[in-house]
Amino acid sequence: MTLKTPQEYLDDLRKMDIKLYMFGELVNGYVDHPMIRPSINAMAMTYQLAQDPEYEDLMTTTSSLTGRKINRFTHLHQSTDDLIKKVKMLRLLGQKTGCCFQRCVGMDAFNAVFNTTFEMDAKHGTRYHERFREYMKYVQDNDLTVDGCMTDARGDRSKSPGDQDDPDAYLRIVERRQNGIVVRGCKLHQTGMINSHEILVMPNNSLKETEKDWAVSFAIPVDTPGMVYVYGRQSSDTRKMEPGSIDKGNIYFGGQEIMTIFNDVFVPWERVFMNGETDFTTMLVERFAGYHRQSYGGCKVGVGDTLIGAAQAIAEYNGAAKASHVKDKIIEMCHLNETLYACGIACSAEGRKTAAGNYLIDLLLANICKQNVTRFPYEMSRLVQDIAGGYMVTMPSEQDFNHPEIGPLVAKYSTTRSDVPAEHRQRMLRYIENLTLGSGAVGYLTESMHGAGSPQAQRIMISRLVNLKHRKELAETLCGIRENCDVTW
Ligand code: SF4
Ligand code: FE
């Protein structure tokens with residue numbers, strides 16, 4: 001079986017025995033918890049769409065390792081066409097869920113660990129790549145969701161891992177045994193962690209040669225003994241536990257971020273993919289970040305499509321759709337959204353084959369893509385809030401609309417065009433509120449800012465990757481400072 005159904009995926013989660021805390025209490029049966037379930041539904045869409053013949057070409061492909069049909073979320077990209085299809089797949093998922101559907105982090109980690117371990121083995125004579133290939137076959141054959149896990153707690157930001165007062169501020173190896181390693185630390189902001197089968201850990205940043213204990217990559221099942229999970233809060237998250245559906249905004253789907261604690265967790269050697277190779281941590285971090293910066297040119301665009309749709313709908317419901325400034329604002333939203341998509345496609349089309357055989361995006365263009373993502377969704381949110389009007393944040397609750405006495409009055413004074421039911425306007429405003437102010441804004445805005453690295457991280461990469469000397473020479477040639485050899489006619 002290489003393609004799981006959503007039901008089989010849910011059955012897998014129900015079998016997991018994990019230690020999860022929320023609101024200071026241990027959570028049992030988290031699959032049916034009303035605050036968690038929307039995020040599981042979003043992840044399940046990655047399984048559902050792979051069953052649909054309409055999306056077969058985008059959602060599934062042939063494994064480069066086994067020749068079997070697999071979900072594209074477990075694929076090692078074999079061409080620039082694969083990279084482009086990845087972006088299209090993420091846009092589709094964003095359109096279908098209107099939120100972060102979480103499965104891409106693992107896909108990006110697979111591809112980065114795959115090509116980095118190959119180059120690490122070539123230099124050091126290690127056997128990590130072979131191990132990782134075996135691991136990937138297991139992931140593909142069982143259609144697993146794997147959480148790529150990078151961001152540490154990081155303690156004092158002015159100090160590197162080895163200089164921290166608390167050495168656990170960055171996840172590290174605390175013991176090396178004959179049969180494996182023991183690790184301790186904490187990874188923050190882990191997207192979709194408890195909706196995953198497995199965790200694939202990577203180091204957080206470049207390391208000094210003396211910081212070998214922090215240079216570690218490995219994979220373990222999510223329910224490994226010693227793992228502790230604490231559910232992250234999101235704005236308006238408890239609306240998911242209220243009766244009714246309207247005030248949720250997005251009534252089916254949502255994101256999930258988890259504080260992930262490794263309390264002296266044992267990892268057998270066959271699951272270790274880096275053990276002290278500090279000279280390869282920069283490559284692994286940059287490649288993973290590059291793949292994930294490409295991802296945002298797909299997922300955020302898909303969610304942006306739903307926001308543009310909401311802007312058009314609410315403008316119509318309000319009777320304002322014909323106003324030229326409203327039309328212009330919606331055009332501006334489309335321009336911003338398609339610019340992000342263009343960046344996602346461009347860094348994919350300009351990708352190249354790595355020594356390991358899988359394809360890497362163009363890193364400069366992927367960083368440009370993500371830099372734009374740190375800005376444009378905010379501008380699009382400003383524009384849709386302008387179009388929506390203030391009622392989005394002053395509107396009474398669903399319970400008030402349903403109240404036998406005041407309900408008819410609330411509906412009467414919430415009505416705009418008489419041919420538009422008050423409830424339609426109510427639902428659309430709540431959807432816009434969810435994405436731009438509520439729990440959906442975690443995925444659409446804050447994640448756009450900080451996910452796959454905060455804006456400054458991209459600027460550092462851009463400064464490293466752009467060839468300014470070449471550009472200076474171009475200018476010097478054209479203005480006659482440098483001798484021009486090209487014009488011979
Ligand atoms: Fe995927 Fe986007 Fe969520 Fe990252 S932010 S996991 S790319 S949906
Ligand atoms: Fe993300």
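## Around two ligands and a few residues of note

Let's start with glutamine 102, which is buried, at a relative accessible area of 3%. Buried here means under 20% relative accessible area, exposed means over 50%, and partly exposed is what falls in between (1.4 Å probe, protein chains only). Before going on, keep in mind that this is a predicted model, where local features need pLDDT of at least 70 and side-chain atom pairs count only at pLDDT 80 or more, while totals for chains, interfaces and linings use all residues. Residues are numbered from 1 along each chain as its sequence is written, chains are lettered from A and ligands numbered from 1 in the order in which they are written, and side-chain values use heavy atoms, with hydrogens and water left out.

Back to glutamine 102: its place is the loop between helix H4 (80–97) and H5. Helices (H or I, at least four residues) and strands (E, at least two) are DSSP runs, numbered from the N terminus. Glutamine 102 isn't a glycine, yet its phi is positive, at about 75°.

What surrounds ligand 1? Gln102 is part of the answer, along with Cys100, Phe101, Cys104, Val105, His292, Ser295, Tyr296, Cys299, Lys300 and Glu447. To be near a molecule or strand, a residue needs a heavy atom within 4 Å of it. By type, the shell splits into 6 nonpolar, 3 polar and 2 charged residues. In this scheme Ala, Val, Leu, Ile, Met, Phe, Trp, Tyr, Cys and Pro are nonpolar, Asp, Glu, Lys and Arg are charged, and the others, Gly among them, are polar.

Which helix gives the most to that shell? It's H7, with 5 residues. Helix H5 (104–124) and helix H7 (281–318) each bring at least two residues. Domain 1 (6–282) and domain 2 (288–467) each provide at least three residues of the shell, with bounds that come from an automatic or database domain assignment.

Next comes the iron ion, ligand 2, which is coordinated by Tyr296 (OH) and Glu447 (OE) at 2.2 to 2.3 Å. Tyrosine 296 sits in helix H7 and glutamate 447 in helix H15 (residues 440–450), so the pair ties together parts that are 151 residues apart in sequence. Donors are N, O and S atoms within 2.8 Å of the metal (3.2 Å for Na, K and Ca), and sites may look incomplete because water is not among the atoms. Are these two residues buried or exposed? Both tyrosine 296 and glutamate 447 are buried.

Serine 236 is another residue with a positive phi that isn't a glycine, with a value near 60°. Serine 236 lies in the loop between strand S10 (227–231) and strand S11 (257–268), and is partly exposed, with a relative accessible area of 34%.

Finally, here are some pairs of residues with their C-alpha separations.

| Pair | Apart along the chain | C-alpha separation |
|---|---|---|
| Histidine 77 and glycine 357 | 280 residues | 8.7 Å |
| Glycine 344 and leucine 365 | 21 residues | 8.0 Å |
| Alanine 313 and alanine 388 | 75 residues | 9.5 Å |

Histidine 77 belongs to the loop between strand S4 (69–71) and H4, and is buried at 0% relative accessibility. Glycine 344 is part of helix H8 (residues 324–349) and counts as buried at 0% relative accessibility. Alanine 313 is in helix H7 and is buried too, at 12% relative accessibility.
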